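This report describes the fold of one protein and the surroundings of a single residue within it. The sequence and structure are shown first.

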Amino acid sequence: MTTLQPTEITKFWIQGKVVITNLSQSFYYMSCAGCNKGAQKNYNERFFCLCGYESTATPRARIYAQINDDTGSVSVILFGHETEQVLGCYATKIIEYSEEVKNKYIDNVSKELTTKYWILQIYADQEKMKTQRYKNFNVYSIKEAKQEEVSNSSS
């Protein structure tokens with residue numbers, strides 16, 4: 001059996017339900033279009049990022065969630081396209097919603113997610129997990145599982 005070394009990044013596949021545990025979290029953040037790092041800027045504001053890219057502040061979708069299956073759960077963070085797949089809309093749409101409309105939309109999505117299974121590739125960077133404020137696995141890719149792909153742990 002191979003053990004993970006502290007500097008290894010390990011990717012693995014899981015299947016389960018996405019559960020949004022905090023419906024009042026911000027589902028996007030302003031980012032650099034070049035490197036996706038967070039930027040404390042207003043929507044469409046021009047700035048020079050530390051990555052060296054002259055950028056426009058762009059909303060990037062993000063969800064802190066849990067993936068649940070019959071064996072337990074794991075905390076994850078989804079960014080960008082993967083988040084937009086789960087939410088069913090782009091970050092630019094979320095930013096346009098009023099608070100009331102956004103809350104209702106997120107509540108509906110959260111309820112709908114209880115009926116869906118997803119296949120996710122997640123990764124763990126052992127070194128980063130030692131230092132990060134949040135102890136989440138990052139989602140590398142995600143797709144909704146078709147009925148015939150949903151594994152049944154009781155069989």
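## A buried serine and its surroundings

Ser55 has a relative accessibility of 1%, under the 20% cut-off, and therefore counts as buried. The model is a predicted one. Ser55 lies in strand β4, which spans residues 54-56. Its side chain reaches the backbone nitrogen of Ala33 at a distance of 2.9 Å. When neighbours within four places in sequence are set aside, Ser55 is in contact with Cys32, Ala33 and Gly34, and also with Glu45, Arg46 and Phe47.

## Overall architecture

The secondary structure consists of four helices and eight strands. Along the sequence, these elements follow the pattern β-β-β-β-β-β-α-α-α-β-α-β. The protein has 155 residues, of which 36% are buried. Among contacts between residues at least 6 apart in sequence, 59% join residues at least 24 apart. The protein exposes about 9,900 Å², and carbon and sulfur atoms supply 49% of that area.

## Pairing of strand β1

Strand β1 (residues 9-19) pairs in the antiparallel sense with strand β7 (residues 118-125) and, also in the antiparallel sense, with strand β5 (residues 58-69).

Terms used:
Residues numbered from 1 in each chain as written. Predicted model: local features only at pLDDT ≥ 70, side-chain atom pairs only at ≥ 80, totals over all residues. Heavy atoms only, no water. Pairing = 2+ DSSP bridges. Helix = DSSP H or I, 4+ residues; strand = E, 2+ residues; numbered from the N terminus. Buried < 20%, exposed > 50% of the residue type's maximum accessible area, 1.4 Å probe, protein only. Polar contact = N/O pair within 3.5 Å; in protein donor to acceptor, adjacent residues only side chain to side chain. Contact = heavy atoms within 4.5 Å. Areas by Shrake-Rupley, 256 points an atom, 1.4 Å probe, with all protein chains shown as cover.
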